[in-house]
Amino acid sequence: MENSKQNHLAEEGSSEALPSLIKAITANEVAGFDSVEEHQDFNRRLKSTLVHPLSTSIFGIEAAAMENENELSKPQRTHSVSISMPPSPVAAHLQNTNRVLFGDEETVLGNDSPSSAAAAVSLQTKQAKFYSQPMPKGCALNEAITSGTSSNLPVRNPRIDKLKDKRFDSFKTWSGRLERQLSNLRGKHRESEQEPQPQHRAEFETLPVDRYFDALEGPELDTLRASEEILLPEDKKWPFLLRFPISSFGICLGVSSQAIMWKALASSASTKFLHVSPDVNLVLWLISIALVLIVAFIYALKVIFYFEAVRREYYHPIRVNFFFAPWIALLFLALGVPPSVSQTLHASLWYILMTPILFLELKIYGQWMSGGQRRLSKVANPSNHLSVVGNFVGALLGATMGLKEGPIFFFAVGLAHYTVLFVTLYQRLPTNETLPKELHPVFFLFVAAPSVASMAWARIQGSFDYGSRIAYFIALFLYFSLAVRVNFFRGFRFSLAWWAYTFPMTGAAIATIRYSDVATSLVTKALTVVLCIVATLIVSALLVTTIIHAFVLRDLFPNDIAIAISERRPKTTRRWYHRRSGSSDTKVEEYLKYSNSDSKDSEGSTNSSHKQEMSGSLHKKVERHHTHDGPEP
Amino acid sequence: MEIQTSPPEHHPPPPINQTVVSKFVPKRTKNLVPLILTRIHAGYFRITLSLGWQALLWKILLQPIQDSKIAIRAPELFYSTILTIIWSFSLVILIVLSLLYSLKCIFRFSMIKAEFMHHVGVNYLFAPWISWLLILESAPFVTPKHVSFVILWWIFAIPVIILDVKIYGQWFTKGKRFLTAVANPASQLSVVGNLVGARAAAKMEWREVSVFLFSLGMVHYLVLFVTLYQRLSGGDRLPAMLRPVFFLFFAAPSVASLAWYSISGSFDTPSKMLFFLSLFLFASLICRPALFRKAMRRFNIAWWAYSYPITLLALASARYEEEVKGGVSHAIKLLLSGLSVLVLLALLLLTAFNPKLLLPDNDPILLTTALPPPPHSSNSNSTTAPLC
């Protein structure tokens, strides 16, 4: 890791020591040494403009903005903002072709640059200008960008940009050899072939799960802790494939479950009064097929070209559950087939679709059972529901197709493991590190399993009997107990994985339709309508948010930090906070999460109290000199 | 005979009456008996469990099947001969083992107590009773409604219930021995004990008793299943040598499926679901051979723990195949039955050729009970490796 960092530095500056020193200053001023107040001002301004709209929407742009603002208050975000100080603006331009903020601010800041790329950059420079240190490079960068050198702007195709190419090689399949082979085959001229990349050739061994917990935080474990470093450059926009997480399959889940819902609305007896046309189902189904194909294709490309990144996603304790998502999406497609396309599906299709799920399950449940570092008490988190819900969806599909034994098999396996998971999550064991303290949309996954299980059991048994009703009522209860807590669903950064959290609501709506078929009354009909409307609204709001993030803010695919964590905690960091003892560590975490103006001083005092323990670098001491008047030992 | 209530470590074991023994046995084996008595523990009843279940499996497999397409109808005599041989062999082994164990109770009761205190060993105290219940059930000549069956059932079931009350009560009341501290895969053997009793009672047409035992077993199975899957304390509850005990994960649902089959009369949906669950867990364990690598280095008594869960699963698959006729279920049944026979034969051969390894000096259950040194340390059979 030190080597790769060295490599990084070497590319950035003329000398090794000086840029890192300055980098240390820039990167570590975080909430700014003298600019904390401006930062706070900025935050307060955002807060005041956003507080009203927030109360009226559940998931909306305002929520996204709110969470952007919250993100902003997290100093580690400013890592991405801090710009390293190369000696010349030209060099800066060459290396930092584009900067990406994780959460781009709204146009509240009143930024109205002509082009969106420049907007993003100038947004940063505007923000950068909050900090009192001289930022000539920032302006230079801005000029450089807007002076029309857009040909070096980031890149969808890593083969073009030779400077970034080498740093991502470690994530490519066979460390980039495949890519070279392919480009050689295509006769492309490869420059700088002889550049040595000894560090990037290192084959990564499996990252232990503890590493993920140590390095990341947040409800989706995708935010880097401040003391950590990542292997890939933070300040560059990574190749698109590297930024494409597996949780993108969540979109497929969300849209295809909507297709099923509209199919049920159109065809079931209790909702005939709504006069829903079957065409809605057809349209949604076609859209979801297109989505599945697109996302699958892109992810297949990622598997081919960046297999190492896929491996790291697999070992991520939250992302691993999303590996079930493609197969569940296919199952949803089969469930939502419009009657006009095909009335019955062949049974062999079910076996084909369930085989990958079976293999994945054998692997993952076995990990839970056999203990070790990935045992359930340690890694349990609401996303694990995705691993379990696949069983029920498969049972539902199989029973719909008329199969008997297979659905019972998957239902039994799903039920047993769901019981274990449910108990574990409800317990919220202290050994469990990944449960977010605030509510996060991922909690809606709790509703998924019981609602799908009730439908599956109804199909297996032939009627909506007591077992199904029990499961359905459990789902309903969980839904309501989350819905009344909607105030807690705040302050989170939007991510594509949110799509995956919509399908439980759709599933609950479908289960309600089935229930109202059996127990028809005004209440159940009203409930059906309400739940369907809520599900549709949420999906639409999410769609709008996605579009905004995709085209306006252009951060739909931010740098995927979670897969780039280093294998070892950095020993001597140039960052402001490094882990020396547990107590100061937790103080550090607290500070990072909820930055307030005086924590700076408390951190300072902590630092000074632990001066003796500093085995740190010269840089640290120099920093201390700059910021504190305390004498150095 | 001394019955000691103090911790066993510091008491010298009472000498066995050497003169009595020396009259009847040759000199070399004179040292063997005390060694056996010292080294043996309830885990050795795994052998009788395996044999008993194998006998039961053959009894069920060889029941005349009316409309089987594939089985060749050999004469009845042939079947009953095989059955009788297997059953008698199991009976003999069980009697020998029970005698040895009762001798140990008499002469080394402190060690029995120590076994009871051990978190893994305590579950194997169910094993003798389960074995006897099995032998009872698989006897070729005893019908379940016969009065001797009933009497014998009571004789074997009462200790199971007593052990239940003691052990399950400890789980949720006792200060130190609560479930999360002591739970380990071998705890499922207690569940198996209840379910076997339930099954036998159902065969006797005692509905209430069987449902009682069934619900008792299932409730604790639920709690245990969740706890074991959570693996709260990490993987250090079970010594690496005892990893074969993981096979109990799929033994418990299989026997639950069989018990429910006996209670409800047909292999209906709950039985099927339990059978499928155990099939899945079996597949899941087979796909993880690395889990068992450490235990496979040297043959020891824990290897017998591989045999009876597979036999149980084969039994459940036989019942499943009766219900759901078809190529797949037939294939599963044949596969599992064949596997269980193979495993049993392999274990028998290994045991026959390596009797010394069956009495190791580093048995995990005995070690942690602070085994007192064997009385004759100059015995050629024992290796005086330090206990650690």
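Analyst: What follows starts with the basis of the values, goes on to the interface, and then turns to the salt bridges and the core.

This is a predicted model, in which local features need pLDDT of at least 70 and side-chain atom pairs count only at pLDDT 80 or more, while totals for chains, interfaces and linings use all residues. Residues are numbered from 1 along each chain as its sequence is written, chains are lettered from A and ligands numbered from 1 in the order in which they are written, and side-chain values use heavy atoms, with hydrogens and water left out.

Confidence in chain A comes first. The pLDDT (the predictor's confidence in each residue, from 0 to 100) averages 69 over chain A, and 55% of the residues there score at least 70. Over residues 22–84 of chain A the pLDDT stays under 50, and the model has 126 contacts beyond four places in sequence for this stretch; contact means heavy atoms within 4.5 Å. Residues 189–203 of chain A also have a pLDDT below 50, with 26 contacts in the model beyond near neighbours in sequence.

Now the interface. Chain B gives 26 residues to the contact and chain A gives 32 residues. Between them the two chains bury about 2500 Å², 73% of it on carbon and sulfur atoms; buried area is the accessible area (1.4 Å probe) that two parts lose on being put together, summed over both. B:Tyr229, B:Gln230 and B:Phe280 supply 29% of the area that chain B buries against chain A, more than any other three residues.

Four residue pairs are in polar contact between chain B and chain A, both residues being at pLDDT 80 or more. A polar contact is a pair of N or O atoms within 3.5 Å; within protein, one must be able to donate a hydrogen and the other to accept it, and residues adjacent in sequence count only if both atoms are side-chain atoms. On the side of chain B that touches chain A, the elements giving two or more residues are helix H10 (207–230) and helix H12 (269–286) of chain B. H12(B) provides the largest share of that side, 11 residues. Helices (H or I, at least four residues) and strands (E, at least two) are DSSP runs, numbered from the N terminus.

The rule finds one salt bridge across this interface, a salt bridge being a side-chain nitrogen of Lys or Arg within 4 Å of a carboxyl oxygen of Asp or Glu. B:Lys272 forms a salt bridge with A:Glu405, and their closest N and O atoms are 3.1 Å apart. The pair joins two chains, because B:Lys272 lies in helix H12 of chain B and A:Glu405 in helix H19 (residues 405–427) of chain A. B:Lys272 and A:Glu405 are buried; buried means under 20% relative accessible area, exposed over 50%, and partly exposed in between (1.4 Å probe, protein chains only).

Over all chains the structure holds eight salt bridges. Within chain B, the side chains of B:Arg199 and B:Glu137 meet in one of 2.5 Å, N to O. B:Arg199 is in helix H9 (residues 188–203) of chain B and B:Glu137 in helix H6 (residues 127–138) of chain B, so this pair ties together parts that are 62 residues apart in sequence. B:Arg199 is buried at a relative accessible area of 5%, and B:Glu137 counts as buried at 6%.

Helix H13 (residues 307–323) of chain B holds B:Glu322 and B:Arg319, which are three residues apart and separated by about one helical turn. Their salt bridge has its closest N and O atoms 3.3 Å apart. B:Glu322 is partly exposed, at 34% relative accessible area, whereas B:Arg319 counts as buried at 7%. B:Glu321 is also found in helix H13 of chain B and is buried, at 12%. The side chain of B:Glu321 makes a polar contact with that of B:Lys333 (3.3 Å).

Last, the core. The largest nonpolar core has 252 residues, and B:Trp53 and B:Tyr124 have the most contacts inside it. Such a core is a set of buried Ala, Val, Leu, Ile, Met, Phe, Trp, Tyr and Cys residues joined through side-chain atoms within 4.5 Å. Helix H20 (residues 445–461) of chain A contributes the largest share of this core, 12 residues.
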